[in-house]
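I am opening my notebook on this structure, and I shall write down each item as I look it up.

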Amino acid sequence: MKITPLGVWGAYPNANGATSAFLLEEQGFRCLIDCGSGVLSALQTHIALHELDALVITHYHPDHIADIGVLQHGLMIETLLNKRDRPLQVYAHPRGEEHFSQLQKNKYMKTTAVSPQQNQTIGPWNVSFRETEHPVYCLALKFTSENNESIAFTADTAWTSNLLPFIKGSRMLVSEASTYHSMIEQIPGHLSGRQAGQLAYETGVDRLLLTHFPHYGNINDLVSEAKEVFSGETELADPTKSYFIK
Ligand SMILES: [Zn+2]
(Lines give C-alpha, C1' and ligand atoms only; values in the text may rest on other atoms or scores of the structure.)
Protein backbone atom coordinates (compact mmCIF):
# COMPACT_ATOMS: atom_id res chain seq x y z
CA MET A 1 0.00 0.00 0.00
CA LYS A 2 1.37 3.36 -1.02
CA ILE A 3 0.07 6.52 0.57
CA THR A 4 0.83 10.01 -0.72
CA PRO A 5 -0.29 13.15 1.10
CA LEU A 6 -1.76 15.61 -1.39
CA GLY A 7 -3.08 18.22 1.02
CA VAL A 8 -2.07 18.59 4.64
CA TRP A 9 -3.62 21.88 5.77
CA GLY A 10 -6.77 22.30 7.80
CA ALA A 11 -9.41 24.92 7.04
CA TYR A 12 -7.76 26.51 3.98
CA PRO A 13 -4.64 25.86 1.91
CA ASN A 14 -1.35 27.66 2.49
CA ALA A 15 0.45 29.31 -0.47
CA ASN A 16 0.87 26.64 -3.18
CA GLY A 17 -0.54 24.00 -0.85
CA ALA A 18 -3.81 22.12 -0.48
CA THR A 19 -6.22 21.07 2.24
CA SER A 20 -7.11 17.52 3.21
CA ALA A 21 -6.44 14.69 0.79
CA PHE A 22 -4.41 11.53 0.43
CA LEU A 23 -3.82 9.29 -2.56
CA LEU A 24 -3.87 5.59 -1.70
CA GLU A 25 -2.53 3.10 -4.25
CA GLU A 26 -2.24 -0.68 -4.37
CA GLN A 27 -2.29 -3.23 -7.20
CA GLY A 28 -2.71 -0.39 -9.69
CA PHE A 29 -5.91 0.86 -8.02
CA ARG A 30 -5.91 4.55 -7.15
CA CYS A 31 -8.16 6.04 -4.52
CA LEU A 32 -8.41 9.63 -3.43
CA ILE A 33 -9.36 10.25 0.19
CA ASP A 34 -11.14 13.59 0.45
CA CYS A 35 -10.90 16.32 -2.14
CA GLY A 36 -10.11 19.65 -0.48
CA SER A 37 -8.98 22.97 -1.90
CA GLY A 38 -5.99 22.65 -4.26
CA VAL A 39 -6.20 18.86 -4.35
CA LEU A 40 -6.95 18.43 -8.04
CA SER A 41 -3.77 20.30 -8.90
CA ALA A 42 -1.72 18.31 -6.37
CA LEU A 43 -3.18 15.00 -7.62
CA GLN A 44 -1.89 15.62 -11.13
CA THR A 45 1.69 15.87 -9.94
CA HIS A 46 1.35 12.11 -9.25
CA ILE A 47 -1.20 10.63 -11.68
CA ALA A 48 -3.29 11.70 -14.65
CA LEU A 49 -6.87 12.45 -13.75
CA HIS A 50 -8.21 9.62 -15.91
CA GLU A 51 -6.16 7.15 -13.86
CA LEU A 52 -8.15 7.85 -10.71
CA ASP A 53 -10.48 4.97 -9.81
CA ALA A 54 -12.27 6.03 -6.63
CA LEU A 55 -12.92 8.82 -4.16
CA VAL A 56 -13.86 8.39 -0.50
CA ILE A 57 -15.30 11.42 1.31
CA THR A 58 -15.15 11.65 5.10
CA HIS A 59 -17.45 14.66 5.58
CA TYR A 60 -18.80 17.72 3.85
CA HIS A 61 -16.70 20.57 5.22
CA PRO A 62 -15.11 22.75 2.50
CA ASP A 63 -11.53 21.80 3.37
CA HIS A 64 -12.48 18.19 2.43
CA ILE A 65 -14.75 18.75 -0.58
CA ALA A 66 -13.82 22.14 -2.12
CA ASP A 67 -12.40 20.63 -5.33
CA ILE A 68 -15.25 18.21 -6.06
CA GLY A 69 -16.88 20.61 -8.53
CA VAL A 70 -13.72 20.92 -10.62
CA LEU A 71 -13.15 17.17 -10.31
CA GLN A 72 -16.60 16.64 -11.86
CA HIS A 73 -15.72 19.02 -14.71
CA GLY A 74 -12.47 17.14 -15.23
CA LEU A 75 -14.29 13.79 -15.35
CA MET A 76 -16.76 15.19 -17.88
CA ILE A 77 -14.04 16.53 -20.19
CA GLU A 78 -11.98 13.35 -20.01
CA THR A 79 -15.08 11.28 -20.81
CA LEU A 80 -15.99 13.51 -23.75
CA LEU A 81 -12.42 13.15 -25.04
CA ASN A 82 -12.66 9.35 -24.65
CA LYS A 83 -9.80 9.35 -22.16
CA ARG A 84 -12.09 7.92 -19.53
CA ASP A 85 -14.56 5.09 -20.13
CA ARG A 86 -16.01 4.62 -16.66
CA PRO A 87 -17.57 6.71 -13.90
CA LEU A 88 -15.48 7.51 -10.85
CA GLN A 89 -16.51 5.32 -7.91
CA VAL A 90 -17.45 7.67 -5.09
CA TYR A 91 -18.07 6.53 -1.50
CA ALA A 92 -19.72 9.04 0.84
CA HIS A 93 -22.20 9.09 3.70
CA PRO A 94 -25.75 10.35 3.03
CA ARG A 95 -25.98 12.43 6.22
CA GLY A 96 -25.38 15.68 4.39
CA GLU A 97 -28.35 15.31 2.10
CA GLU A 98 -27.73 18.19 -0.25
CA HIS A 99 -24.09 17.27 -0.83
CA PHE A 100 -24.85 13.58 -1.21
CA SER A 101 -27.60 14.13 -3.76
CA GLN A 102 -25.30 16.45 -5.75
CA LEU A 103 -22.82 13.59 -5.95
CA GLN A 104 -25.53 11.14 -6.95
CA LYS A 105 -26.83 13.39 -9.71
CA ASN A 106 -23.46 13.60 -11.44
CA LYS A 107 -23.38 11.08 -14.27
CA TYR A 108 -19.59 10.90 -14.30
CA MET A 109 -19.64 9.54 -10.75
CA LYS A 110 -21.13 6.34 -9.40
CA THR A 111 -21.92 7.15 -5.78
CA THR A 112 -22.31 4.57 -3.03
CA ALA A 113 -23.71 5.47 0.40
CA VAL A 114 -21.45 4.32 3.21
CA SER A 115 -22.03 3.90 6.93
CA PRO A 116 -20.32 2.39 9.99
CA GLN A 117 -22.76 -0.52 9.72
CA GLN A 118 -21.33 -1.89 6.49
CA ASN A 119 -17.81 -2.42 5.18
CA GLN A 120 -17.15 -1.76 1.52
CA THR A 121 -14.86 -3.45 -0.95
CA ILE A 122 -13.05 -0.63 -2.72
CA GLY A 123 -10.47 -1.87 -5.23
CA PRO A 124 -8.07 -4.19 -3.36
CA TRP A 125 -9.20 -3.06 0.10
CA ASN A 126 -11.83 -3.83 2.66
CA VAL A 127 -12.84 -0.43 4.00
CA SER A 128 -14.58 0.18 7.31
CA PHE A 129 -16.04 3.36 8.77
CA ARG A 130 -16.56 4.81 12.25
CA GLU A 131 -18.31 8.00 13.34
CA THR A 132 -15.98 10.65 14.74
CA GLU A 133 -16.64 13.50 17.15
CA HIS A 134 -17.06 16.53 14.91
CA PRO A 135 -19.62 19.36 14.46
CA VAL A 136 -20.90 17.64 11.29
CA TYR A 137 -21.26 13.90 10.75
CA CYS A 138 -17.82 12.60 9.81
CA LEU A 139 -16.39 9.13 9.27
CA ALA A 140 -12.98 7.79 10.20
CA LEU A 141 -11.70 5.24 7.66
CA LYS A 142 -9.74 2.00 7.82
CA PHE A 143 -8.33 0.42 4.67
CA THR A 144 -7.30 -3.23 4.99
CA SER A 145 -5.30 -4.99 2.28
CA GLU A 146 -5.68 -8.61 1.20
CA ASN A 147 -2.58 -9.39 3.31
CA ASN A 148 -4.43 -8.01 6.35
CA GLU A 149 -2.32 -4.86 6.75
CA SER A 150 -4.37 -1.81 7.71
CA ILE A 151 -4.04 1.93 7.67
CA ALA A 152 -6.48 4.07 9.64
CA PHE A 153 -7.45 7.70 9.05
CA THR A 154 -9.06 9.69 11.85
CA ALA A 155 -10.54 12.25 9.45
CA ASP A 156 -11.64 15.27 11.54
CA THR A 157 -12.42 14.54 15.15
CA ALA A 158 -12.15 15.63 18.74
CA TRP A 159 -10.84 13.06 21.22
CA THR A 160 -13.19 10.08 21.43
CA SER A 161 -12.53 6.63 22.84
CA ASN A 162 -14.95 5.39 20.16
CA LEU A 163 -12.00 5.41 17.75
CA LEU A 164 -9.71 3.22 19.86
CA PRO A 165 -11.13 -0.24 18.98
CA PHE A 166 -11.51 0.92 15.38
CA ILE A 167 -7.85 1.92 14.96
CA LYS A 168 -6.42 -0.99 16.98
CA GLY A 169 -4.53 -3.48 14.81
CA SER A 170 -3.61 -0.92 12.14
CA ARG A 171 0.01 -0.56 11.12
CA MET A 172 -0.21 3.15 10.47
CA LEU A 173 -2.44 5.87 11.87
CA VAL A 174 -2.98 9.02 9.85
CA SER A 175 -4.29 11.42 12.45
CA GLU A 176 -5.45 14.94 12.26
CA ALA A 177 -3.49 17.31 14.49
CA SER A 178 -5.29 20.59 14.08
CA THR A 179 -3.89 22.46 17.03
CA TYR A 180 -1.48 22.55 19.95
CA HIS A 181 -2.45 20.99 23.23
CA SER A 182 -2.46 24.32 25.10
CA MET A 183 -5.15 25.54 22.68
CA ILE A 184 -7.37 22.48 22.55
CA GLU A 185 -10.27 24.17 24.38
CA GLN A 186 -10.31 26.96 21.79
CA ILE A 187 -10.49 24.63 18.77
CA PRO A 188 -13.47 22.29 19.31
CA GLY A 189 -13.99 19.23 17.16
CA HIS A 190 -10.29 18.56 16.61
CA LEU A 191 -7.23 16.86 18.09
CA SER A 192 -3.99 18.31 19.37
CA GLY A 193 -0.64 16.79 18.46
CA ARG A 194 -0.52 15.28 21.93
CA GLN A 195 -3.96 13.68 21.53
CA ALA A 196 -2.94 12.23 18.16
CA GLY A 197 0.04 10.69 19.97
CA GLN A 198 -2.31 9.37 22.65
CA LEU A 199 -4.48 7.70 19.99
CA ALA A 200 -1.38 6.07 18.48
CA TYR A 201 -0.12 4.95 21.90
CA GLU A 202 -3.43 3.49 23.05
CA THR A 203 -4.05 1.62 19.80
CA GLY A 204 -0.52 0.24 19.44
CA VAL A 205 0.08 1.29 15.84
CA ASP A 206 3.66 1.19 14.51
CA ARG A 207 3.65 4.55 12.90
CA LEU A 208 1.90 7.92 13.20
CA LEU A 209 1.51 10.41 10.38
CA LEU A 210 0.12 13.81 11.38
CA THR A 211 -1.97 15.96 9.04
CA HIS A 212 -4.61 18.75 8.91
CA PHE A 213 -2.18 21.35 10.22
CA PRO A 214 -2.94 24.72 11.82
CA HIS A 215 -1.82 27.95 10.13
CA TYR A 216 -0.32 29.29 13.35
CA GLY A 217 2.48 28.31 15.67
CA ASN A 218 5.31 25.93 14.69
CA ILE A 219 3.85 22.73 13.28
CA ASN A 220 6.97 20.79 14.28
CA ASP A 221 5.68 21.19 17.84
CA LEU A 222 2.81 18.86 16.87
CA VAL A 223 5.37 16.08 16.43
CA SER A 224 7.08 16.93 19.75
CA GLU A 225 3.72 16.79 21.52
CA ALA A 226 2.83 13.42 19.98
CA LYS A 227 6.25 12.02 20.91
CA GLU A 228 5.63 12.90 24.56
CA VAL A 229 3.19 10.00 24.67
CA PHE A 230 3.96 7.80 21.63
CA SER A 231 7.39 6.26 21.06
CA GLY A 232 6.77 4.90 17.54
CA GLU A 233 7.83 6.63 14.34
CA THR A 234 6.03 9.98 14.14
CA GLU A 235 6.19 12.63 11.46
CA LEU A 236 4.30 15.41 9.72
CA ALA A 237 2.68 14.21 6.50
CA ASP A 238 4.93 15.54 3.74
CA PRO A 239 3.37 16.10 0.29
CA THR A 240 6.78 15.63 -1.35
CA LYS A 241 6.96 12.05 -0.06
CA SER A 242 5.07 8.78 -0.31
CA TYR A 243 4.80 6.26 2.52
CA PHE A 244 4.60 2.50 2.17
CA ILE A 245 3.01 -0.29 4.17
CA LYS A 246 4.10 -3.73 3.06
ZN1 LIG B 1 -11.07 19.63 8.08
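Which polar atom lies 2.7 Å from the backbone oxygen of D63? I looked this up and found that it belongs to the side chain of T19. I count such a pair as a polar contact, meaning N or O atoms within 3.5 Å, where within protein one must be able to donate a hydrogen and the other to accept it, and where residues adjacent in sequence count only if both atoms are side-chain atoms.

Before going further, I note that this is a predicted model, in which local features need pLDDT of at least 70 and side-chain atom pairs count only at pLDDT 80 or more, while totals for chains, interfaces and linings use all residues. Residues are numbered from 1 along each chain as its sequence is written, and side-chain values use heavy atoms, with hydrogens and water left out.

I placed T19 in the loop between β1 (2–7) and β2 (21–26), strands being DSSP runs of E with at least two residues, and helices runs of H or I with at least four, numbered from the N terminus. T19 is buried, with a relative accessible area of 0%; buried means under 20%, exposed over 50% and partly exposed in between, with a 1.4 Å probe and protein chains only.

Then I turned to phi. Most residues other than glycine have a negative phi. D34, not a glycine, has a positive phi of about 65 degrees, and N82, also not a glycine, has one of about 60 degrees.
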